[in-house]
Amino acid sequence: MLSFYKFSALKYITGNILLAPLACLYQGITGLRNRLFDMNILKSVKFDFPVICIGNLSAGGTGKTPFTAFITRFLLPEYRVAVLSRGYKRKTKGFQLADAASKASIIGDEPYELKRKFPDVCVAVDEKRVHGIEKLREDQSDIQVVLLDDAFQHRAIKAGLNILLTDYNRLFTNDYQLPYGMLRESRKGYKRADIIVVTKCPETISENEISDIRNKIKPLDGQEMYFAGLVYSDIYQLFKPEFRLKINELHGREIILMTGIVSPEPAMNYMTGCGTKVELMQFPDHHFFTADDYRKLMSKSKNEKLIVITEKDAARIVTDENFPTELKEKIYVLPVEITIFQNREQHLITKIKNYVTAN
């Protein structure tokens, strides 16, 4: 998966007009592939236990990992949950089961983030998801539910429940196929979803705007649709998580927000809205920070400036032996969680649990 910034640069260099024919070709290829799966010429494997797919139509940035954590949190007290991802940008191949010795370089930053957050959850990675599930069931026979993180296009598995996420700031209805836009497949792919969630909605979203978005997406009969936002909480020190700072303690302070994610804008807007003076150091999605990056960070973080990173960035830094010792007391993590609007959180959780219980 290429990052949003690489696509933007490609557009700038070649121009949108030159990319349009490539997008048509890409759409034809992905459309044919989907058609072959629909006609059962390409086979999908269906398992005899609950498999929930969480994905999107776009090339990242919709909040899949926070949403996977959201579902995990509600299922965990009642069920033995496993999360399977491909482990994007990891430096290994094949099936890897996360344990206490795992690093982001071994399993990927997002799986590592989930393992840190839920130590009792079985987290694994495998680019071949069918093989990954088979290995999980072979090695962890007590698993009751498998969550597939970012697998909406991985049609070799026929999930029992498909959850499609789309970013409020870049709805799939307003987007185009790669490389002209950011869609991995045609907009029509939304028809495979059982649940559609519009993520990263502002707190101020009105009922009229929600109605307008519904009319744009046009959910099918039987498709449930939800609207979700991001909720940030007090920052904590990366290397001493017990040490926390309340957001109101940061008012007026200078902050360096260092991110390697697709969309740093929500975190940036939140920190700015809390009265901090924010300087953004932005890197491509899943970026593994280098010694040169840290040197630049040290240069910028003189005096009393704090460094704030996201949980996804923390997954890549916390086990990085090259991270400067002198910055360890200055780097903080900004936690984020999902909230469901319109008082429909319990409705969503009940729908998911009903699927799990029935299967």
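**Exercise 1.** Find out which strand is joined to strand 6 by 5 bridges, and in what sense the two run.

*Solution.* Start with strand 1 (residues 51-56): 5 bridges join it to strand 6, and the two run parallel. Strands here are DSSP runs of E, at least two residues long, while helices are H or I runs of at least four, each numbered from the N terminus. Next, look at Ile163 in strand 6, which stands opposite Ile54. Now turn to strand 7 (residues 195-199), also parallel to strand 6 and joined to it by 5 bridges. There, Ile163 has Ile195 as its bridge partner.

This is a predicted model, where local features need pLDDT of at least 70 and side-chain atom pairs count only at pLDDT 80 or more, though totals for chains, interfaces and linings use all residues. Residues are numbered from 1 along each chain as its sequence is written, and side-chain values use heavy atoms, leaving out hydrogens and water.

**Exercise 2.** Work out the strand order of the open sheet.

*Solution.* The 9 strands go 3-4-2-5-1-6-7-8-15, with mixed pairing; pairing takes at least two DSSP bridges between two strands. The edges are strand 3 (96-97) and strand 15 (336-340), each pairing on one side only.
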